[in-house]
There are 2 protein chains.
Amino acid sequence: MWLYDELLRIVGDAERVSVNGAVLEQHSKGISYHSPRMPDVVVFPVSKEEVSRIMRFANENKVAVVPFGAGSSLEGHIIPLNGGISLDFTLMNEIISVRPDDFIVTVQPGVTRNQLNQALKKYGLFFPVDPGADATIGGMTATNASGTNTVKYGVMRDQVLGLELVLADGSSIRTGGYSYKSSAGYNLTGLFVGSEGTLGVFTEIILKLQGIPETTIDIKATFPSIEAAGIAATVLLKAGLPIGKIELVDQKTIQAVNAFKNTSYREEPTLFMEFSGSEPEVTNSLEIVQEIIKDEQCVTFEFENDSIKRAQLWEARHQAALAIIAANPGKGHMVTDVCVPLSELSDALQYTRKIVDQYGIDAVIFGHVGDGNYHAVFSVDTQDEEHMKQVEEVHTQIVQYALSKGGTCTGEHGIGLGKKKFLQEEHGDTLSIMKGIKTMVDPNNILNPGKIFDNVPLSAPFELK
Amino acid sequence: MWLYDELLRIVGDAERVSVNGAVLEQHSKGISYHSPRMPDVVVFPVSKEEVSRIMRFANENKVAVVPFGAGSSLEGHIIPLNGGISLDFTLMNEIISVRPDDFIVTVQPGVTRNQLNQALKKYGLFFPVDPGADATIGGMTATNASGTNTVKYGVMRDQVLGLELVLADGSSIRTGGYSYKSSAGYNLTGLFVGSEGTLGVFTEIILKLQGIPETTIDIKATFPSIEAAGIAATVLLKAGLPIGKIELVDQKTIQAVNAFKNTSYREEPTLFMEFSGSEPEVTNSLEIVQEIIKDEQCVTFEFENDSIKRAQLWEARHQAALAIIAANPGKGHMVTDVCVPLSELSDALQYTRKIVDQYGIDAVIFGHVGDGNYHAVFSVDTQDEEHMKQVEEVHTQIVQYALSKGGTCTGEHGIGLGKKKFLQEEHGDTLSIMKGIKTMVDPNNILNPGKIFDNVPLSAPFELK
């Protein structure tokens with residue numbers, strides 16, 4: 001095949017250019033319900049120079065390029081809609097430099113979150129963004145990922161100080177740098193973070209780090225209703241406590257976990273929390289939480305500071321998505337990702353449960369209360385058109401509810417394929433600026449085409465010659 | 001005058017369109033050494049619709065528009081280089097809505113920082129970004145301002161959740177929204193924040209708020225050398241303490257303050273700190289600071305928790321810039337604003353003092369240790385060409401030192417006029433993208449032309465007709 005031959009010529013190593021069926025298949029999808037599509041070739045670059053040569057070639061020949069990290073995207077980001085090249089960063093997984101006194105690390109995009117935290121341990125440091133999956137830093141940067149730690153430490157965009165990128169034409173640029181803040185020109189770092197592989201390909205990422213807290217305590221509290229749990233959360237947030245995590249899980253989700261794990265967690269709306277910091281600070285927070293929660297109809301209250309017991313305490317939360325997936329083998333799963341103002345979260349969760357139940361869709365629902373972001377995870381039968389139409393209706397209603405409250409269609413997963421129509425609804429008046437930027441830096445539309453917004457589809461590359 | 005007549009026709013209120021000499025003069029400069037230039041007309045809009053009509057008119061007639069807030073820019077942002085319209089937001093100073101349960105406020109751009117905090121007090125909330133001056137939120141957003149609170153709460157860009165803007169062609173758009181995070185498309189909010197009035201004019205700004213901490217304690221510690229103070233600061237930062245502020249002031253700066261205020265502060269390198277939060281947390285932090293600092297050659301150590309005494313304790317820091325200005329009446333002042341990785345700060349401060357002394361320039365030097373950002377404030381004689389050449393040489397050497405350490409030429413003041421050549425040096429490889437964005441959204445280059453980068457100068461507008 002022409003494309004394979006050309007890439008082999010560029011890379012010079014048959015081990016790192018693949019048209020093997022299993023490899024193509026692995027690069028045809030993320031973790032989502034979207035229809036898979038195989039790339040024509042998978043390439044595993046090892047250096048910026050190689051990425052640059054591949055991009056130059058792809059641009060000249062108008063071949064689509066889709067960056068690939070751990071494959072844990074929930075919105076179809078890594079599906080090569082138009083075939084072409086899947087650019088797999090597995091081999092670019094070097095932690096380039098740790099600067100412990102600066103609280104800064106520089107990594108290649110293929111480094112995974114767990115790999116990074118393992119390497120940072122000996123410095124007493126850690127990287128706080130935790131989207132659940134052991135995603136790559138490149139993928140997390142591309143989607144502006146966040147997760148349970150965000151209420152304390154912020155989203156991915158808050159951590160990225162600088163980037164080295166290769167643009168569509170193969171040129172290499174650097175944005176940002178090693179300082180903690182900068183007002184030097186337009187914020188291109190923040191623009192490339194969250195651009196979902198459509199504006200450039202990361203080859204180096206400079207990240208801010210955090211000191212590992214001295215003490216961590218985890219708390220689980222159950223409530224008679226979602227309202228009561230929501231109100232308790234709001235009061236806790238308003239108390240100015242240094243909350244590390246605060247997650248709300250609804251009753252039916254706990255039921256699903258119990259069914260899946262054969263556990264007997266109390267089937268009530270549950271708040272999971274974490275506090276970390278110095279010992280006196282954490283102890284003080286715990287006391288205040290107990291004090292506050294007593295007045296907020298709390299039914300049960302547990303806390304743990306031992307690391308194993310802490311993990312057990314969080315089990316019902318962490319198993320939530322798995323419960324619905326395991327209960328529905330062979331099904332795809334769809335994850336909603338709206339984010340609303342804090343005070344709207346408890347109503348939004350109730351609305352979501354009501355809609356989901358009305359449509360008779362199996363779902364677990366849990367929320368990052370500190371950010372107003374929550375997920376409904378549905379098990380879907382992608383072969384059943386009528387069912388998929390209903391699922392899309394539910395998704396649309398959840399998003400429209402969030403938008404009507406000033407919220408967003410995606411808090412942390414990105415637009416990808418599944419939320420393009422919602423982006424139109426949410427930011428229609430700025431889409432022309434977004435598309436203008438895209439066209440300026442990628443005039444041939446080779447970088448992850450068809451993601452974030454629809455684009456003129458490219459022909460399959462080998463038909464071009 | 002044609003321009004006056006046209007604007008009066010648009011605004012319909014002679015009180016809000018001015019060609020009065022004193023008003024033009026007031027809008028000819030910020031607080032900096034840059035040569036003033038008067039606008040042709042000053043307009044005081046009262047609504048988005050009016051801003052929109054003014055922009056449409058200016059765009060059709062290729063008249064430059066320079067947004068104006070409190071006039072406290074340190075980099076010449078508000079100087080109408082090409083004349084035209086100074087768009088003064090003084091009358092758009094409404095706090096549109098406070099949402100205490102969401103920790104969100106929506107303001108018009110002319111609201112000042114102090115006005116906002118005054119209004120928020122009754123909710124137990126505050127807006128944390130403190131650049132020193134009582135700047136407008138619009139101006140702070142335009143320069144991505146920060147200040148002493150940044151080590152704890154982040155920069156302006158971290159607070160802005162959404163914007164309503166009028167573009168050069170008069171169209172109105174909204175970016176972001178009322179949710180705490182979003183991955184919906186390109187991060188246009190973060191692009192417009194820090195765009196220095198060159199991409200659009202803010203008409204509404206949505207900000208994140210913070211709870212007022214229960215307890216605040218301020219600390220002052222002196223050291224035998226800048227090295228010792230710098231090392232102490234690094235150890236404190238590494239200890240994972242929840243530092244609210246940490247500022248380093250050099251010995252000669254304290255001398256300048258003593259001479260100016262007739263005070264007798266110890267003339268030694270001094271660290272100023274603040275801790276805030278719950279009482280047990282703050283007490284614990286204070287104890288740890290004392291413990292750490294004892295081992296770091298600390299000479300004197302004071303702390304205060306009473307609000308008046310806390311202000312007194314910070315006096316030497318807050319008077320630093322005033323000391324140099326008051327001692328040099330009639331002079332301009334130039335403020336360097338580099339930011340370096342944390343571990344480089346103490347060396348950078350020493351390097352800066354050495355260079356400044358070598359050139360015999362009067363200067364005070366102080367740094368935001370938690371961010372690696374510091375300022376040298378020079379008193380300059382703008383009429384003396386030889387002297388200005390020397391001052392520019394010093395500034396250039398300070399910036400080049402910072403860039404050689406991976407830092408930036410501006411941590412919080414912006415590029416404006418005075419740092420354009422440094423932007424070329426720092427981000428030359430991305431300037432074409434920045435300029436491409438500028439050209440896309442402002443093809444006639446009417447929005448604050450000549451700021452951030454050089455642009456084709458516009459003719460004076462009344463010569464166009």
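Student: Which residues have the most contacts inside the largest nonpolar core?
Tutor: Good place to start, keeping in mind that this is a predicted model. The largest nonpolar core has 184 residues. Those with the most contacts inside it are L271(A), F378(A), L271(B) and F378(B).

Student: Taking F378(A), which residues is it in contact with, leaving aside its neighbours within four places in sequence?
Tutor: Happy to list them, with contact taken as heavy atoms within 4.5 Å. Among the partners of F378(A) are G332(A), H333(A), M334(A), T336(A) and V356(A).

Student: How are the rings of Y186(A) and F453(B) arranged?
Tutor: This pair belongs to a set of 12 aromatic pairs over all chains. The ring centres of Y186(A) and F453(B) are 5.7 Å apart, and the planes meet at 85°. Planes over 60 degrees apart count as edge-to-face, so the arrangement of Y186(A) and F453(B) is edge-to-face.

Student: Where does that pair sit in the two chains?
Tutor: The pair crosses between chains. Y186(A) lies in the loop between strand 9 (172-176) and helix 8 (188-192) of chain A. Its partner, F453(B), is in the segment after helix 18 (431-441) of chain B.

Student: Is Y186(A) buried or exposed, and is F453(B) buried or exposed?
Tutor: Buried means under 20% relative accessible area. Y186(A) has 3%, so Y186(A) is buried. F453(B) has 4% relative accessibility, so F453(B) also counts as buried.

Student: Which ring does the charged end of K208(A) sit over?
Tutor: The charged end lies 5.2 Å from the ring centre.

Methods. Residues numbered from 1 in each chain as written. Chains lettered and ligands numbered in written order. Predicted model: local features only at pLDDT ≥ 70, side-chain atom pairs only at ≥ 80, totals over all residues. Heavy atoms only, no water. Core = buried A, V, L, I, M, F, W, Y, C linked by side-chain atoms within 4.5 Å. Buried < 20%, exposed > 50% of the residue type's maximum accessible area, 1.4 Å probe, protein only. Phe/Tyr/Trp six-rings, centres within 6.5 Å; stacked < 30°, edge-to-face > 60°. Helix = DSSP H or I, 4+ residues; strand = E, 2+ residues; numbered from the N terminus. Lys NZ or Arg CZ within 6 Å of the ring centre and 35° of its normal.
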